[in-house]
Amino acid sequence: MCRLIGMGMVLGLGALATHGKPASARMARAWPDTMLARVEALALIETLNATLLASHSATTTLDQWCANHKLAEEPKIRAHRMPGMEKPVTAEQRERLRVGDAEPVKYRRVELACGDHVLSEADNWYVPSRLSPETNRILETTDIAFGRAVLDMKPIRRTFAVEILWKPLPDGWELAPPPPDSPGAELSIPWRLFQHRALVFGQDQLPFSEVSETYTSEILAFGPPP
């Protein structure tokens, strides 16, 4: 279960992710299995998590992350649609979106990538009647990231749940002797690191989208600090 969050940054404690990395996942340099590397990975994950919570656009935040960490020659997030997948909107989601049972709600799933690195897997449910005809056309016929498609609406993003799927350090690590370092071994980092669920509002304060975003180990693909 996700832990609801209020204002500020609250990290929910989720179960450890069990999924391995896809074959396409690439690390510039392996993270060693050391206390220092685990602390550095934790700091980076929490930095991105906090930045996303303070931002109104996950796409823009990932653009900056991609550029700052030189993950691609062209540091711009691109969306890759995943057709054929469908997740019908639930009654709870309709309530959060403030739409009735008969109101159409569309579903879109994409991978958000920086170059060859998939940084996020995103599920999006949106209300077409609250978007312009041109925005609907773009969403239905192109691979543009949702955040870019609605940028002119000056959207307001409100994250309502965060789930942490992997912790580089165990609970209570600060009170116990550090585990022995294994600098010759690679730190095992699962594919899915943390998840955000958020509502996206227009200037009229009506929500027009609900998103569920899972951030992957490729946010760390640049390797540990030198």
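Some housekeeping. This is a predicted model, where local features need pLDDT of at least 70, side-chain atom pairs count only at pLDDT 80 or more, and totals for chains, interfaces and linings use all residues. Residues are numbered from 1 along each chain as its sequence is written, and side-chain values use heavy atoms, with hydrogens and water left out.

How far can we trust it? pLDDT is the predictor's confidence in each residue, from 0 to 100. The chain has a mean pLDDT of 88, and 88% of its residues reach 70 or more. Please be careful with residues 1-20, though, where pLDDT stays under 50. The model has 48 contacts beyond four places in sequence for that stretch, a contact being heavy atoms within 4.5 Å. Where pLDDT is low, the predicted coordinates should not be read in detail.

Now the overall picture. Helices (H or I, at least four residues) and strands (E, at least two) are DSSP runs, numbered from the N terminus. We have 5 helices and 9 strands, and along the sequence they follow the pattern β-β-α-α-β-α-β-β-α-α-β-β-β-β. Of the 226 residues in the chain, 46% count as buried. Among contacts with a separation of 6 or more, 74% come from residues 24 or more positions apart.

Let's go to the helices α1, residues 35-54, and α2, residues 58-68. At what angle do they pack? It is about 145°, with the axes 10 Å apart. Those axes are lines fitted to C-alpha atoms, for helices over the stretch in contact, and angles run from 0 to 180 degrees between N-to-C directions. Which residues meet there? From α1 we have L44, T47, L48, T51 and L52, and from α2 A58, T61, L62 and W65. That contact divides into 6 nonpolar residues, 3 polar and no charged. Here Ala, Val, Leu, Ile, Met, Phe, Trp, Tyr, Cys and Pro count as nonpolar, Asp, Glu, Lys and Arg as charged, and the others, Gly among them, as polar.

Staying with α2, its buried residues are A58, T59, T61, L62, D63, W65 and C66. Just after this helix, K70 takes a positive phi of about 50°.

The structure holds 1 disulfide, meaning a pair of cysteine sulfur atoms within 2.5 Å. C66 and C114 are the partners, with their sulfur atoms 1.7 Å apart. C66 sits in α2 and C114 in strand β4, residues 106-114, so the bond ties together parts that are 48 residues apart in sequence. The torsion about the S-S bond is about 50°, so this disulfide is right-handed. C66 is buried too, with a relative accessible area of 0%.

Two last stops. S120 is in strand β5, residues 117-126, and is buried at 0% relative accessible area. What does S120 touch, leaving out residues up to four places away in sequence? The list is L62, V110, E111, L112, E213, T214, Y215 and T216.

Finally, V162 belongs to strand β6, residues 156-164, and counts as buried at 0% relative accessibility. V162 and H196 are 34 residues apart in sequence, yet 4.8 Å apart in space, C-alpha to C-alpha. Thanks, everyone!

Terms used: Buried < 20%, exposed > 50% of the residue type's maximum accessible area, 1.4 Å probe, protein only.
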